[in-house]
Amino acid sequence: MSLSISLAINGRKHDVALDDPRVTLLDLLRERLDLPGTKKGCDRGQCGACTVLIDGRRINSCLTLAASLDGAEITTIEGLSDGEDLHPVQAAFIEHDAFQCGYCTPGQIMSAVGLIKEGMAGDDPERVRELMSGNICRCGAYQGITEAVLEAQRKLADREKPATGKDAA
Amino acid sequence: MSPDTQSTTIPRHVRHGSNAGQPVSRRDGVLKVTGAATYAADNHPEGMLHAVIVPSTIARGRVRSLDVSAAKAHPGIVEVITPENRIPLHFDPNDKMPPFGFRVEVLQDDSVRYVNQPIAVVVAETLEAATEGARLLAPRYEEELPRTDLDNGERYDAEAVGVGAPAVTTAGDIDAGFAAATRVTEAEYYTPPQYHNAMEPHAVVAEWNGDHLTLDMPNQALRMSAASYAQYFGIPVENVLIRSPFLGGGFGSKAILNGPQILGILAARQVGRPVKLVLTRAQMYGPVGHRGRTWQKLRLGTDAEGKLTALHHTSIGATSSFDDFVEPAANTSLMLYASPAIRADHKGLRLDIGTPGPMRAPGEASGSAALEVAIDEAAQACGMDPLAFRLANYAETEPTSGRPYSSKALRECYEQGAASFGWSNRPLEPGTMRDENGFLVGWGMGTAVFPCPQFPAEARATLRADGTALVETGGVDMGQGAWTALAQLAAEALGLDLDQVEFHSGRSDLPDGGVAGGSGHTASAGQALSNAGSDVIAQLSEIAVNDPDSPLFGAGNIGVVAGEGRLYRRDDETRSETYAEILARAGRAELVGSGKSGRDPASADRFAMNSHGAVFAEVKVDPALMQVKVTRLVGAFAAGRVINPKLVRSQYYGGMIWGISFALQEEALADRRTGRIMNADLAEYHVPVNADVPEMEAILVPEVDPHVSPLGIKGVGEIGVTGTVGAIANAVWHATGIRVRKYPIRLEDLLARR
Ligand code: FES
Ligand code: FES
């Protein structure tokens, strides 16, 4: 069988002739489109390692059948930075040592980007912890993750403020 | 947060601004935050097939039939490998390969010895097809009643525990010790089976080229593993290349060869194409090791002053029916508290489970989880503050041997941890503190301890014509930050800035970087790298001081120091020259140096060597639901010289979070009737998520140790787990007045005894 879908991944259009209806978005990215940055930790929606943004929302790509995504816009960890310029969440993760082995990191970062967009955490670390709890980090980099999310959120908010003279810096 | 501290002040660093001791960010950070860091399963060589393990669903018996034809009929299936057709191996998997090999299940026969044992491998063009093919095999079994617990397992006298540690150790006269006691406390403690659950499942991408084998796999011991695979497949060791640039966590589970990874390699050989085999999360509960459960008993004798007169620690450790790894839990009691008589003994218990193995602080974590509570109970019995009791029993020398410690800043850990936590305000009686919401509040503490081994390792340093360097060792970064800390050490020895040092590691064809385990990798590979760098500098100095055209000519006896890419005359820093200038004049394109690591045997004999720490925990317990939450955690650790405080702090946090997990969350539960693990996934096998973890503090207590190694580094990877577990359990008691002596502490345990 072959089923054709069309996706925009990291701003690039992909016409995919699916060889199998069972393919998840995660396995499509990793095994067929050469985008292995998104990680598989459980394949069951229990760890968050596979988090990507679909139309701006954070989603476990292991639980999403690729065939159901015709026309979707997908952002993965590979599409987050602007060339050499890291996204503020990525930069904050490095600064706050928000990872050790790095395996959960793509998922954590995509989840953080989604969370900041959702705007539900405010500047409360307790809320950030709660709302980042779909992403397991076995290395236990949580302290850094929480700090990084809060800092990146501040930076992004500053960026969006209309530049009123000097205080934009 | 306390200021960053470092324990060394070698003048050259101060003068020339070495990077060692600095909290630099991870060098692989950009790769890891952009998705560009490649883990084993990210590889996809041309023509690659997918292999999927078929796991047994019974714990004991044999496989009667597999529907191979149904699987083979599924589109995309290339091969179904069973004991009937699997190609032979050159090493008997029922034997243990030295030095650390375990017996493995690689389809050698139709027997089933535990749940999730591989019983077939399906190879297919796609992962989807292989997965479906595995399902279609529909195994039928001849099932025997599994042995799953203390009451039906077979007890035996273990010859050794852990990795070759003695099963029984006695120091002093234990009976006399108890006879001299005015008070004896005694209790039993249970620790459950725990699974490493690194976020990255075990994986291998295997590619054969004639008799040459290339493996992409997460691996904590590159050279040792390469040698073992060579033996299994009957090829010369130099034909095996293991690439393991990034591991998605190891915690001990990726140090020892296991059946599934061997099967992935075997499948590639058998089908003549590259193969990727990745375990599912559920399949990680069996063939790749776990922390074996223990049933421990502690008996403590104390005198009228609250001093220990005798300490007896017994542990029964579960292992598999066919191999031995008994958690060396009781040996923790040999390391910590002064007592004229100490005895630690172990027994094994055979169950129908996968063989346990080393898991982050193997022995120390489980042993400390029991010992630290027993100490708390003894303090309570003596009416003493738990910290005062620990200080009264402080071991000035190693308890069993009387040897001095190479260094031991544990007293400082107690002081600084207690001060930061506010321990002195702790009421002695339990159940007396409440917060503003009416929650029960409890404070507890535990002592942390872990050995600090230094393993053999080798490294190479090459100084290049432009004055930059390449340093190489086959080391392993599973998240501890080796790529950064090791490069810092090399840069320091070379007198270069970190960004002038190119660092190659994570491959088995580099100089042997040793094992990333036992919290000894920085001390081991780091020492080798440091020595390699020093070797290069010595060669360079030799050239310069003998060159009449060099400003350093004749400085031979006075000596030179290296820093910022220059050699300086020791007594006159205005006389200096860059490395590049020295090399250019000598017409040398490069200088190559080598270095080794290994502990000085005389020091190892003379001194007891450990890292130490103190952990203080606050818990809050909802009085209606008895739900426990850790609300504060302060750890103070002394572990010799700190190379990168940022990374070290992360190691401590990670270890302490594992302590939370051990105390309150982790437990694999087997169905007694089938032996099947009922929670073999990340939804029901609980590990901490972000919301389970409070704001933590890790205090880096300065400690100078001239004996552990020339660099004075101990180790930080595992110690954080120890101490923390007991601290939390003791805090739960302090909040509620209820002693729960089995882990994890669950709200139902508290509700039942409220
Ligand atoms: S891999 Fe998708 S949630 Fe774990
Ligand atoms: S960094 Fe290793 S799992 Fe999060």
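Visitor: Which residue in β6(B) is the bridge partner of R62(B)?
Guide: The partner of R62(B) is E142(B). This is a predicted model, in which local features need pLDDT of at least 70 and side-chain atom pairs pLDDT 80 or more, while totals for chains, interfaces and linings use all residues. Residues are numbered from 1 along each chain as its sequence is written, chains are lettered from A and ligands numbered from 1 in the order in which they are written, and side-chain values use heavy atoms, leaving out hydrogens and water.

Visitor: What makes β2 and β6 of chain B a pair?
Guide: Strands (DSSP runs of E, at least two residues, as helices are runs of H or I of at least four, both numbered from the N terminus) pair if DSSP finds at least two bridges between them. Strand β2(B), residues 61–65, is joined to β6(B) by 4 bridges and the two run antiparallel, so they pair by that rule.

Visitor: Why do β4 and β6 of chain B stand at the edges?
Guide: The open sheet has 3 strands in the order β4-β2-β6 (chain B), with antiparallel pairing. Both β4 (111–112) and β6 (140–143) have a single partner strand, so one side of each is left without a neighbour in the sheet.

Visitor: How do you know whether Y190(B) counts as buried or exposed?
Guide: Buried means under 20% relative accessible area, exposed over 50%, and partly exposed in between, with a 1.4 Å probe and protein chains only. Y190(B), at 14%, therefore counts as buried, and W295(B), at 16%, is buried as well.

Visitor: What is the aromatic pair of F421(B) and W443(B) called, and on which values does that rest?
Guide: Rings of Phe, Tyr and Trp (its six-membered ring) pair if their centres lie within 6.5 Å, and planes under 30 degrees apart count as stacked, over 60 as edge-to-face and the rest as tilted. The centres of F421(B) and W443(B) are 5.1 Å apart with 75° between the planes, so the pair is edge-to-face. F421(B) lies in helix α10 (residues 410–421) of chain B and W443(B) in strand β20 (residues 440–451), 22 residues apart. Both are buried, and together with W423(B) and F616(B) they form one aromatic cluster.

Visitor: What makes us say that the charged end of K96(B) sits over the ring of F102(B)?
Guide: The rule asks that NZ of Lys or CZ of Arg be within 6 Å of the ring centre and within 35 degrees of the ring normal. The charged end of K96(B) is 5.2 Å from the centre of the F102(B) ring and sits over it, as that of R360(B) does over W658(B), at 5.3 Å.
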